[in-house]
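Subject: Structure for your review

Dear colleague,

Please find below the structure that I would like to hand over to you.

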Amino acid sequence: MDIRITPGLLRGTVAPPPSKSQAHRLLIAAALSGGFSVLRGLAQSQDIQATAGCLRAMGAYPEELDGGDIRVHGLGSSIPQHREDWLVKFDCGESGSTLRFLIPVALAVQGGGIFTGRGRLMERPQRPYFDIFDEKGIFYEQKDGALTVRGELTPGEYRLPGNVSSQFVTGLLYALPLLDGDSQIVLTSPLESRGYVDMTLDALGRFGVRAEAQEDGWLVPGGQKYRPCSMTVEADWSQAAFWYGAIALGSSLELEGLNAFSIQGDMKIVPCFLKLQERGELELDVSDCPDLAPPLAAMAALRAGEITRLTNAARLRMKESDRLSSVTRALNALGADVEEGPDFLTITGRDSLAGGAAVDCCGDHRIAMMAAVAATRCKSPVTLLGAECVQKSYPDFWEEYKRLGGKLDVV
């Protein structure tokens, strides 16, 4: 689907959708518990549907209720149920969280699985897991767009780099409590995106599972049981960031429903937003909040006469698109001045953007939303190619954009 946006500022009140990051974590914990859990307010984005589908394949039963709620009948007493004679197939869609969270869980619960995905998902690095599998004698094979893992997780030490993705840490934090002995997760390099691990630990705690922080990682006691828990998913600060971007570019929006005391790491959008209102050259380290780079780049593009650098951003190259490249191409197509480096972006702000161009969304939901925000300050209409990709995380984005006064037409 291609969309043509006629420039104009937005106005009104908007409630961001439920947190995709929290929803993944709560769904998996609920699936590993006994009995029923009810998770209220989930948004049925493609990523969440991928996780729910994989949990069904594993034997849990997430059931959709009215109003977007999900009741999850957990695996409970059937954990573990090693079945190495046959392997369940898991379609992870384009969700990196689904894939990386569930690889060790599948090993702990049923001795492995066959994981598939779409887009760039199966190209995203899994080396931290592969190094562990080599050490532990777990079989893995990646070919023809599928990853097969087979074997048994055993209690012990699990060494991981902290600067590749926190998703590997999260996957182990879910699986290791199910083992019959204690384990340790040891970080071999400083942890980035710590806020996401904090979200994992919070979700585990709500379902009765604990991990003890140590100087270089966590001690994870074995033999733990997940207990059912019912709760409401928080509004998503990473999606709120795009509306903050629109505000920075001149729109009059009021955001509601956000938890000001949330542990979501992307709450960092607030101090970053405030810094971008100041004059002078600015450097923002996005190592702990890589998903904020696209909305921050849109804000910086209209920071007239000022230079902004987004640094420590190498991991953006392995998202749904190579985001260092796709952010640069999209904003420059609209008339911005963005320079791409190996692990940074340098943005020289302008008074306005020319627009009048077509932007390839690259199948990346965050590129589409970034371009939509930047289009509010363009002089001429903007066409977004492949704008349906917002379904991955924010299915109602275009409806909300239009409700807030955005002028868009499907072309």
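Predicted model: local features only at pLDDT ≥ 70, side-chain atom pairs only at ≥ 80, totals over all residues.

Cysteines. A search of the whole structure found zero disulfides. For Cys 54, the nearest cysteine sulfur belongs to Cys 92 and is 4.1 Å away; a disulfide would require the two sulfur atoms to lie within 2.5 Å. Cys 54 is buried, at 1% relative accessibility. Cys 289 is likewise in no disulfide, and the nearest cysteine sulfur, that of Cys 272, is 5.3 Å away. Cys 289 is also buried, with a relative accessible area of 1%.

Glutamate 234. Glu 234 is found in the loop that runs between β14 (231-232) and α7 (237-248). Although Glu 234 is buried, it has no salt bridge. The nearest side chain of opposite charge is that of Arg 206, 5.4 Å away, whereas a salt bridge needs the charged atoms within 4 Å. The side chain of Glu 234 does make a polar contact of 2.9 Å with the side chain of Asn 259. Beyond its neighbours within four places in sequence, Glu 234 is in contact with several residues, including Pro 17, Pro 18, Ser 19 and Gln 22.

Helix α1. Ser 19 caps the N-terminal end of α1, with a side-chain oxygen 3.4 Å from the backbone nitrogen of Ser 21. The helix comprises residues 20-32 and spans 19 Å from its first C-alpha to its last, close to the expected 18 Å. Because 13 of its 13 residues are buried, α1 is largely enclosed by the rest of the structure.

Yours sincerely,
A colleague

Terms used: Residues numbered from 1 in each chain as written. Heavy atoms only, no water. Buried < 20%, exposed > 50% of the residue type's maximum accessible area, 1.4 Å probe, protein only. Helix = DSSP H or I, 4+ residues; strand = E, 2+ residues; numbered from the N terminus. Lys, Arg positive; Asp, Glu negative; His and termini not counted. Polar contact = N/O pair within 3.5 Å; in protein donor to acceptor, adjacent residues only side chain to side chain. Contact = heavy atoms within 4.5 Å. Expected span 1.5 Å × (residues − 1).
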